[in-house]
Amino acid sequence: MNEKLLLEDGTELEQVFCRPDTLTDVPYHYCPGCGHSVVHNVLMEVVDELDIQDKTIGVAPVGCSVFAYHYMNIDMQEAAHGRASAVATGIKRVLPDKLVFSYQGDGDLAAIGTAETIHTVNRGENILIVFINNGIYGMTGGQMAPTTLPGMVTSTSPYGRDVHMAGYPLKITDLIAQLPGAYYVTRQSVHNPNAVRKLKKAVTKAFEYQMQNKGTCFIEVVSNCPSGWKMTPVETIKYLEEVMFPYYPLGDLKVPKE
Ligand SMILES: Cc1ncc(C[n+]2csc(CCOP(=O)(O)OP(=O)(O)O)c2C)c(N)n1
Ligand code: SF4
């Protein structure tokens, strides 16, 4: 980055963006407009900029991002559904000098993995947990997740989520922020360039805190699932702004005191 590009006519251009070395050349399998790919880019740009490619270990979930290890050019470990934060705990304890993160969807982290998530944060494990909340089980056909909004239509709630039958959406990030082991908890998104920049800052901070052994950093990204929501990518952005963000407000939930 910040290299000069010389055009054929002699014009010099400053290069302000390039594909980070930390992303492989493998094309993403994600649906068009899906937030997963943008979050992958952000994570790897930060790893690139902090020059930590050789010491970062990611833990991939089960869900649409199950193949994250194909794209992130770092050491990666696959975890069973919901167990990514427990696997990340093991890796970090054995290799404390490495920077470890788990990457998990809402079905993975807030349904089957609820216990692992809460206990990992409660122990204050010195890892980063990246939580992609698209309000649905994307990979398996768009079923209702704990995070599905009231009235939201999914393949298992065709008349909309009925809270009297299925309960209320689980704001697991709000719970996490109450735990003493949580050092930095924030809710971000990738629905526009400004949001992407904010997410990048949050990821950078989280890795820096991990270098200082501060405890668990938890970043929720309120994301979209055009296929599961049965919307165009543009329609999902409107839905995020008008429906998802009022329920899952963006911003920091817990910031370090200093
Ligand atoms: C133990 C176990 N239970 C259930 C499944 C089936 N399964 C695979 S992915 C998934 C849900 C994924 O949804 P989410 O974590 O929200 O990620 P997304 O696909 O939306 O990114 C489920 C239920 C599984 N693979 N293993
Ligand atoms: S099903 Fe949804 S979460 Fe999965 S890749 Fe497609 S848009 Fe993304």
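**Notebook: a predicted model, looked up piece by piece**

I began at Lys230. Lys230 counts as partly exposed, because 13 C-beta neighbours lie inside 10 Å. Next I looked up the place of Lys230, which is in the loop between α9 and α10 (233–247). Phi of Lys230 is near 55°, a positive value in a residue other than glycine. I wrote a reminder beside that: most residues other than glycine have a negative phi.

**Another positive phi**

I turned to Asn213. Asn213 is not a glycine, yet it has a positive phi of about 55°. Where is Asn213 found? I traced it to the loop between α8 and β10. Is Asn213 buried or exposed? I counted 10 other C-beta atoms within 10 Å, so Asn213 is exposed.

**The whole protein**

I stepped back for an overview. I listed 10 helices and 11 strands in the protein. The C-alpha trace spans about 65 × 45 × 35 Å along its principal axes. I then checked the radius of gyration, which is 18 Å. A compact globule of 258 residues would have a value near 18 Å, so the two agree. Buried residues make up 46% of the 258 residues. I also looked at contacts between residues at least 6 apart in sequence. Of these, 67% join residues at least 24 apart.

**Strand β9 and its partners**

I picked strand β9, residues 182–189. This strand is mostly covered, with 8 of its 8 residues buried. Which way does β9 run beside strand β10 (residues 216–222), parallel or antiparallel? They pair in the parallel sense, over 7 bridges. On the side of strand β11 (residues 251–254), I found 3 bridges to β9, and these two strands run antiparallel.

Thr186 let me follow both pairings. In β10, its bridge partner is Ile219. In β11, Thr186 stands opposite Asp252.

I then followed the chain from β9 to β10. Together with helix α8 (residues 193–211), the two strands make a right-handed β-α-β unit.

**Helix α3**

Helix α3 covers residues 84–94. I found Ala84, Ser85, Val87, Ala88, Thr89, Ile91 and Lys92 buried there. What do these buried residues pack against? I noted the strands β3, β4 (75–78), β5 (99–105) and β6 (128–133), along with the helices α4 and α5 (114–122).

**Around ligand 1**

I counted 19 residues around ligand 1. The closest are Gly63, His81, Gly105, Gly107 and Gly138. Two elements give two or more residues to this shell: α4 (106–112) and β7 (136–137). Of the elements, α4 gives the most, with 4 residues. By class, I sorted the shell into 9 nonpolar, 8 polar and 2 charged residues.

**Around ligand 2**

The residues here are Tyr30, Cys31, Cys34, His36, Cys64, Asn134, Gly138, Met139, Cys225, Pro226, Ser227 and Gly228. Which element gives the most to this shell? Helix α9 (residues 226–229) does, with 3 residues. I found 7 nonpolar and 5 polar residues in the shell, and no charged ones. Gly138 is on my list for ligand 1 and on my list for ligand 2.

I looked up Cys64 next. Cys64 is found in the loop between β3 (56–60) and α2 (68–71). Cys64 counts as buried because 24 C-beta neighbours lie inside 10 Å. I left aside residues up to four places away in sequence and asked what Cys64 touches. The contacts are Tyr30, His36, Gly105, Gly138 and Met139. How far is Cys64 from His36? They are 28 residues apart in sequence, and 8.3 Å apart from C-alpha to C-alpha.

**His40, my last stop**

His40 is found in helix α1, residues 35–49. It has 21 C-beta neighbours inside 10 Å, so His40 counts as buried. Leaving aside neighbours within four places in sequence, I found His40 in contact with Ala68, Tyr71 and Met72. I also checked Tyr28, which is 12 residues from His40 along the chain. Their C-alpha atoms are separated by 9.8 Å.

How values were computed: Residues are numbered from 1 along each chain as its sequence is written. Chains are lettered from A and ligands numbered from 1 in the order in which they are written. This is a predicted model: local features need pLDDT of at least 70, side-chain atom pairs count only at pLDDT 80 or more; totals for chains, interfaces and linings use all residues. A residue is buried if 20 or more other C-beta atoms lie within 10 Å of its own, exposed if 12 or fewer, and partly exposed in between; C-beta atoms are placed from the backbone. Two strands pair if DSSP finds at least two bridges between them. A crossover is right-handed if, with the strands pointing away from the viewer, the path from the first strand over the helix to the second runs clockwise. A residue is near a molecule or strand if its C-beta atom, placed from the backbone, lies within 6 Å of it. Ala, Val, Leu, Ile, Met, Phe, Trp, Tyr, Cys and Pro count as nonpolar, Asp, Glu, Lys and Arg as charged, and the others, Gly among them, as polar. The radius of gyration is taken over C-alpha atoms; the globule rule is 2.2 Å times the number of residues to the power 0.38. Two residues are in contact if their C-beta atoms, placed from the backbone, lie within 7 Å.
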